[in-house]
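Have the sequence and the 3D view open as you read.

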Amino acid sequence: LIVLAKVGDIAGYYVGSAIGKRRPFPKISPGKTVAGCWGSFVTGTLVGGLLGLAGVLPEGSHGVWGGLTAGAAVNLAAQAGDLLES
């Protein structure tokens with residue numbers, strides 16, 4: 001779970017820095033961009049799928065689909081937590 005959260009966080013930072021312009025929450029988190037949010041979500045979801053494919057996730061996680069779902073859920077929770085913390 002920590003790996004999924006950090007991978008998304010790092011990807012969001014780099015994508016947002018490279019191509020992010022629009023800031024959806026300027027008063028709450030002025031550094032967060034829409035492109036960074038999407039970059040984080042897509043990367044976190046894909047890495048979750050890769051971890052499911054590699055068998056790294058716990059038994060019964062339903063392979064790739066379970067990994068994609070876990071990656072998406074963890075990423076959304078991590079981004080929400082980041083906004084709440086800000």
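## The pocket and its neighbours

By class, the lining of the largest pocket has 4 nonpolar, 12 polar and 5 charged residues. Here Ala, Val, Leu, Ile, Met, Phe, Trp, Tyr, Cys and Pro count as nonpolar, Asp, Glu, Lys and Arg as charged, and the others, Gly among them, as polar. This is a predicted model, where local features need pLDDT of at least 70, side-chain atom pairs count only at pLDDT 80 or more, and totals for chains, interfaces and linings use all residues. Residues are numbered from 1 along each chain as its sequence is written, and side-chain values use heavy atoms, with hydrogens and water left out.

Back to that pocket: the space in it comes to about 370 Å³. It is lined by 21 residues, and D9, G12, Y13, K32 and D82 are the closest to its centre. Two or more lining residues come from each of α1 (2–19), α2 (34–54) and α3 (63–85). Helix α1 gives the most, with 8 residues.

A word on how these were found. On a 1 Å grid over the protein atoms alone, a pocket is an open set of points where a 1.4 Å probe fits, with protein on both sides within 12 Å along at least five of seven lines, while a cavity is a set from which the probe cannot get out; lining residues have an atom within 4 Å of a point. Points are joined across faces, edges and corners, and the volume is the space filled by probe spheres set on them. Helices are DSSP runs (H or I, at least four residues), as are strands (E, at least two), numbered from the N terminus.

## Salt bridges

How many salt bridges does the structure hold? There are 2 salt bridges, each being a side-chain nitrogen of Lys or Arg within 4 Å of a carboxyl oxygen of Asp or Glu.

In one, K6 pairs with D9, and the closest N and O atoms are 3.5 Å apart. Both residues sit in helix α1, 3 residues apart, or about one turn of the helix. K6 is partly exposed because its relative accessibility is 46%, and D9 is partly exposed too, at 41%.

In the other, the side chains of D82 and K32 meet at 3.1 Å, N to O. D82 belongs to helix α3 and K32 to the loop between α1 and α2, so this pair ties together parts that are 50 residues apart in sequence. D82 counts as partly exposed, with a relative accessible area of 27%, whereas K32 counts as buried at 14%. The cut-offs are under 20% relative accessible area for buried, over 50% for exposed, and in between for partly exposed (1.4 Å probe, protein chains only).

## A nonpolar patch

Which residues make the nonpolar surface patch of about 380 Å²? I10, Y13 and Y14 make this patch. Patch members have over 30% relative accessible area and no salt bridge; nonpolar side chains (Val, Leu, Ile, Met, Phe, Trp, Tyr) are joined within 5 Å, and like charges within 9 Å. The areas come from the Shrake-Rupley method with a 1.4 Å probe, and for residues, only the protein chains shown count as cover.

I10 lies in helix α1 and is partly exposed, with a relative accessible area of 48%. Y13 is also in helix α1, and its 54% relative accessibility makes it exposed.

## Pairs across the sequence

| Pair | Apart in sequence | C-alpha to C-alpha |
|---|---|---|
| G66 and G52 | 14 residues | 6.5 Å |
| I10 and N75 | 65 residues | 12 Å |
| L83 and V7 | 76 residues | 17 Å |
| A70 and K6 | 64 residues | 14 Å |

G66 counts as buried because its relative accessibility is 16%. L83 is partly exposed at 21%, and A70 is partly exposed at 24%.
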